[in-house]
Amino acid sequence: MTASQRDIALSSGRLARRLQDWIGAHFRLPAPDIPSLTSFSRVGTDEDQIPHPGELTGTDCPAEEAAAPVRARWGLGNAPIPNVVHLLEAHGVRVFSLSRDCPEVDAFSFWDRGIPFTLLSTEKTAERGCFDAAHELGHLVLHGEEQMPHGPQAEAEAHRFAAAFLMPRADVLAHAPRGASTSWILQAKRRWKVAAMALAHRLHELGLTTEWQYRTHCVELSRLGYRKSEPRSGVARETSQLLGKVFAALRSEGTRSADVARDLHLRPADLNDLIFGLVVTAQDGDGQPHQDRSSRPQLSIVR
């Protein structure tokens, strides 16, 4: 990431804080419920480095083990997660879109005054977007409010957390055969809504495929176009339940997104960047006069 790309991403984060403050002043939002499991992180210690994604390590990685208590706390069991963005929002994470001016940045997360934020790229496939959301949850859980994690070790920890969070060991072992074929991976990835490459690696780190089988999967998937994309995916990109409810409530009382942008002293394009791909908003036109905005509806998300 270049300095310019980093500055654009950080600018998106600052705008997200401003929009969050405005929404929080007008709606009742879910309280943050993100467990702090920094003891599962080895970042900054003298212990062995966490292997990078793609390296076989088994399931004794502390970062991976952190996924189980989060799932238990949220009552998820071992079942696949239908919608990661909805799940994060229900537990108090404020999810926004990264500026389309920095497509090289996949996602990033941070804490602000006790509120967790995650910003996601709108340029990724649905499956990779799900994994990015789980990856950023890993940062929030493992690296806490006081850290700004960076570097390959922190990224590898978040990667291992995301893999275990989306593809729990017990569920994969219950459904995956040993020595699975590439065609099986292409069918089964729909169960967990993950990229084919991510499932191939998960099978390998759980010991269900050999090194040779894993490399064969990678070669075949790459040849089929699954290195950077998910051809014929059929999986819809996740949207925001929270922002959808907020802007639907605003529209019902005659408040346009341009009005919100004006209150925040933002250009409408900047506001649209923050919610692009997460919520459908009405285009401003020559509508009827606005209703009085003195009273605001209260918003709550049903878990």
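The entries below go through the sheet and then the cavities.

**Ground rules.** I am working on a predicted model, where local features need pLDDT of at least 70, side-chain atom pairs count only at pLDDT 80 or more, and totals for chains, interfaces and linings use all residues. Residues are numbered from 1 along each chain as its sequence is written, and side-chain values use heavy atoms, with hydrogens and water left out.

Entry 1: I looked up the strand order and got an open sheet of three strands, 1-3-2, with mixed pairing. Strand 1 and strand 2 (107-112) are the edge strands, each pairing on one side only. On average, neighbouring strands here are turned by 20° against each other, direction ignored. For the terms: strands are DSSP runs of E with at least two residues, helices are runs of H or I with at least four, and both are numbered from the N terminus. Two strands pair if DSSP finds at least two bridges between them. Angles run from 0 to 180 degrees between N-to-C directions, using axes fitted to C-alpha atoms, for helices over the stretch in contact.

**Entry 2: who pairs with whom.** Strand 1 runs parallel to strand 3 (residues 115-120), with four bridges. I found Phe96 opposite Leu119 in strand 3, and Ser97 has Leu120 as its bridge partner there. Strand 2 and strand 3 are antiparallel and joined by six bridges; Phe108 has Leu119 as its partner in strand 3. Their hairpin has two residues between the strands, and Arg113 takes a positive phi near 55° in it.

Entry 3: Why do I call strand 3 largely enclosed by the rest of the structure? Because six of its six residues are buried, meaning under 20% relative accessible area with a 1.4 Å probe, protein chains only (exposed is over 50%, partly exposed in between). Ile115, Phe117 and Leu119 point one way from strand 3, while Pro116, Thr118 and Leu120 point the other way. In strand 1, Arg94 and Phe96 face one way and Val95 and Ser97 the other, all buried. I also noted helix 5 (residues 126-143), which lies across strand 2 and strand 3 at about 35° to strand 2; contact here means heavy atoms within 4.5 Å.

Entry 4: How many cavities of 30 Å³ or more does a search of the whole structure find? I got two. A cavity is a set of points on a 1 Å grid over the protein atoms alone where a 1.4 Å probe fits but cannot get out, and lining residues have an atom within 4 Å of a point. Points are joined across faces, edges and corners, and a volume is the space filled by probe spheres set on them. Of its 14 lining residues, Val85, Leu120, Arg237, Glu238 and Leu278 lie nearest the centre. Helix 5 gives the most to this lining, with four residues.

**Entry 5: the second largest cavity.** This one has a volume of about 50 Å³. Its lining includes Gln20, Glu89, Arg94, Val95 and Phe96. Strand 1 gives the most, with three residues; helix 1 (3-26), strand 1 (94-97) and helix 11 (241-252) each supply at least two.

Note on methods: 1 Å grid on protein atoms, 1.4 Å probe; cavity = no way out; pocket = protein on both sides within 12 Å on 5 of 7 lines; lining within 4 Å.
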